[in-house]
Amino acid sequence: MSFLQPGLLFLLPLAALPIVIHLLHQRRYRTVPWAAMMFLLDAKRQSRGMARLRHYLILAMRVLSILGLIFAISRPLASGTVGWAIGGAPDTIMILLDRSGSMEQQDLTTGESKRSTALAKLAELLGRTSKGSKIVLVESTRLEPQEMESASNLVNMPDAEGTGTSADISAMMQVALEYINENQTGRTDVWVCSDLAENDWKPESGRWDGVRQGFEGLEGVRFYLLTYTNPAKGNYGVTVDGVERRKLDGRSELVLDIRINRSADLSKAITMPLEIVVEGNRMAVEVEISKDQYVLQGHTIPIDDRLVEGWGSVSLPNDANPTDNTFYFVFADEPIRQTVIVTDDALLADTFRMVATASSDPNLQFSADILSTARANEIPWETAGLIVWHANLPSGTLAQLLETHVDDGRTVLFMPPDAPDETELFGTKWTDWVEPSTQEPFRANTWRDDAGLLAKTQSGMALPVGELQVYRYCKLDGPEVHLASFAGGDALLTRVATDRGGVYFLATLSKSSYSTLATDGVVYYVMLHRAIADGASALSTARSITVGQELATSASEWDPLNKETDDRLSSERPYSAGVFRNNELLFALNRNTDEDIAKPMDAATLEPLLGGLDYQRIEDQVGDESSLASEIWRVFLIVMAAGMILEAALCIPSREQSSTSNLFSPSSAQR
Amino acid sequence: MARQVLRDFIDPQKLSRLAGLFLHARQPMLGNVSGRHRSPIRGSSLEFAEYRKYVPGDDTRRLDWRAYGRSDRFYIKEFEADTNLRLVIVLDTSGSMAFEYEETSKLQYARSLAGSLAYIAANQGDAVGLACAGAKYYKDIPPRRNAAHLKNILDELADVEPTGETGLVNVLHETAERVRQRAMIVILSDLFVPTDELKDCFQHLRFRKHDVVAFHLLDQNEIDFEFNRPTRFLDLEGGAPILADPAIIGVQYRRALRDYLEALKTVMRDAAIDYHRVLLQDDYGDVLARFLIGRIPRKR
């Protein structure tokens, strides 16, 4: 418990005054010659029970009354169990602030979000109780400890405002652990403000074990989880899945694929105005939503023929989470989707060229160049979106160029050579070819259909990956999690984790002696064209980027295209939605859509993450105005009054006591 | 040389106030000489008692000839016999009688009552005796009716000292046995004895047809038990002292005292004892006056 007048607590020993007086009283007895000893002996024998207890209760009530008075004038602060847990101001207070999009869920009546409620309460609590404590903020976007002068700055500092990012709580804990170890922070309270969303806490992350063990070895570190797990009521989120500028019958138009997710009452249909902005021009579309998801596929908006690039947004009316109400998009002329195939196998090259240049969209241009391994240094690095490498993994300069290609956000697809060597690239290398021991070909039995090259189509159809027959494949030594794998766990297709760009390894070839990739061409076609599209997206001058991703340029160089985002600090731009221009590049920053499905962890999932640590969870409500720490002197005054009343009640002489005085009235002297 | 004894326990002024009052027995007494008290046998006093039929052998001189003239039957006219009484004062001389809270001890008070009663009885021609009931101090003076005997009793009262445990129960049983003829037994004690034992004593005395009077001496402080701090109580009868906080045990003490007094009252009522609770704070002259007035026989 903390106190506004802690100095008065030095009066606490006064509570022992009744006991001291009692003891002195016991020692200062007087001696009286007495005749009626037989009654004294009786009384002494009987007083061992209730009478003695009553006497001690009176003593206890007196002590309680004094304690109540001293605590009351010391002005204690408490809120439920928190108050009792706080044992005075610690040396350091670390605040781990989850600034993810889901923390912006708000109470529509007060306009307060989960994040702002948590900050306001923490600012108020720490403002009262943290005198002399060092306050350090670790927020989820930068993951850097920032020392603060005052807790009151929490409510208006730009670094604590809402974002559309996802958080990684385990990484924040790691930062806190490192800070505590480096700075020897002494007794430290760590406040974690979060909505306990699974995608932010990532309970499956391997980092948790290390973090937990690190904190277990520290003395005097306590955790307070200030959580807001109640989901927002009546929330809608909008996403633009595709933007395409095309010319049809001589007229230019934009084609938008819009998706609206709904977490509100699903039992009734609702008509909602959808605001679409293109280059500042607004238009409204009314949509009727009857299920949990509404998809407006291929919505066309006529545009000026001269408008070859631009930006726009799709917005919903304000609701329980403002961060998912607007989705920005940019558009520009699509670049030529150029693929370079490095192989010495002419047959494979032809097949690949045929697939790569087969366009399903007349507005897109495709090209494919074939280079032998001897001419690999002739790869047009500037224009190639996808490089298909069918040869032993390169080393030296070529390897470095490939890594740069990937760092630029483009894509490489490796195919196994006939005779693999020991070269390793991107932490992966080819090992041995494998053939079936029976006539039965290999088949993929598991593959990811929610994202990646083998994801379901927009119409929700799954690719027939399981129908592919593989007669030979080359084993990989590298990533353990694959996009598609055989029954034994070997990869058919795998992706190497990278910060940007895509690195894929396909374990077989499209030739008929290796697999049915070419003959059952659907999977092969879709897979390659998705890889081409991924690679080409880095070539386009219009890019859609998720907030929080690392960008090559500094945000201070960005020119905001939407006036609404002008007022933000440049340092905050990468973490919130908006549209910007940087030289030739147009880009739309949008929220991390994982936050749309933020599901709070239950206690059973949380416990293993923090098990063994000294932590306390405080569940709060959005917009709740009650203080985390309120003055509770009234409680102690009531305790004092109750103690005094009880003491008085216990001191009232019993009827028996008063009746004995009548035993000897003067008239009773003679019967 | 005659011993000089201080008899300050008797106040002549109080005795002179009681001069018009006499000590009456409540039941017939068997005395040796004529006196103020009824006798169970008929006598020759002036007070008519009853007529009864003549039976052969009766003294013909006692025939009432007037009654024979009216009824033609022989009747004997009988008169009450008046006799003296034997007053035995039993004085508790145990250590507890030394209790004094202000100035007067229980024994002092008992001396005043005993001396005054002895004087009144001797003055009206009754025999007076004294028995001191202490475990360590025992003295028995048989009842006699001369003036010199009164002096002995008063001397003894002046000399007696409270000490040791009480011997009241034994003394009462012995008195019941030793005093063979009907007598008035006056007990002066604080009666701090279990009521069961007292009950036996009183029934024994009543069985011997004694007229028993009990003056129960108590101090107001013993009843109120009001002390404002822990107290070490010294047993006046020599037992172990008790250190107690009256604030804790006060209720139990008063409850025990009340139960004891209730039980004692029942014992006294059942044994038809003339029981008087006396506070040391009361004036003993008033106590005696109430006692003597209460004993004046009703007119027949």
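Predicted model: local features only at pLDDT ≥ 70, side-chain atom pairs only at ≥ 80, totals over all residues.
## Chain A at a glance

Let's begin with chain A, which runs to 671 residues, 37% of which count as buried. Its secondary structure comes to 14 helices and 31 strands. If you look at the contacts in chain A with a separation of 6 or more, 77% of them link residues 24 or more positions apart.

## A sheet of eight strands

One feature of chain A to pick out is an open sheet of 8 strands, in the order 17-16-18-19-25-24-23-21, with mixed pairing. At its edges sit strand 17 (366-371) and strand 21 (444-447) of chain A, each of which pairs on one side only. Going from one strand to the next, the twist averages 20°.

Helix 9 (residues 346-357) of chain A lies across strand 16 (337-343), strand 17 and strand 18 (384-390), and runs at about 165° to strand 17 of chain A. Helix 11 (residues 521-537) of chain A also packs on the sheet, where it touches strand 16, strand 18, strand 19 (411-415) and strand 25 of chain A. The direction of helix 11 makes about 135° with that of strand 18 of chain A.

## Where the chains meet

Now for the contact between the chains: 45 residues of chain B and 35 residues of chain A take part. On the chain B side, the elements that give two or more residues are helix 7 (220-224), strand 8 (231-235), strand 9 (242-244), helix 8 (246-270), strand 10 (274-279) and helix 9 (284-294). Which of these gives the most? That would be helix 8 of chain B, with 14 residues. By type, the chain B side that touches chain A splits into 25 nonpolar, 8 polar and 12 charged residues.

Strand 2 (residues 30-34) of chain A runs parallel to strand 8 of chain B, and 5 bridges join them. In that pairing, A:Val32 has B:Phe233 as its bridge partner.

From helix 3 of chain A come A:Ala51, A:Arg52 and A:His55, while helix 8 of chain B brings B:Ala247, B:Ile248, B:Ile249, B:Val251 and B:Gln252. That makes 5 nonpolar, 2 polar and 1 charged in this helix contact.

In soluble globular proteins, nonpolar side chains tend to be buried together. The largest nonpolar core in this model holds 87 residues, and those with the most contacts inside it are B:Leu87, B:Ile89, B:Val90 and B:Leu188. Helix 3 (residues 106-123) of chain B supplies the largest share of this core, 10 residues. Apart from this core lies another, of 55 residues, including A:Val355, A:Val406, A:Leu413 and A:Leu453.

Leaving out residues up to four places away in sequence, B:Val90 touches B:Ala131, B:Ala133, B:Val171, B:Leu172, B:Thr175, B:Ile185, B:Val186, B:Ile187 and B:Leu188.

Conventions:
Residues numbered from 1 in each chain as written. Chains lettered and ligands numbered in written order. Contact = placed C-beta atoms within 7 Å. Helix = DSSP H or I, 4+ residues; strand = E, 2+ residues; numbered from the N terminus. Nonpolar A, V, L, I, M, F, W, Y, C, P; charged D, E, K, R; others polar. Pairing = 2+ DSSP bridges. Buried ≥ 20, exposed ≤ 12 C-beta atoms within 10 Å, placed from the backbone. Axes fitted to C-alpha atoms, helices over the stretch in contact; angles between N-to-C directions. Core = buried A, V, L, I, M, F, W, Y, C linked by C-beta atoms within 7 Å.
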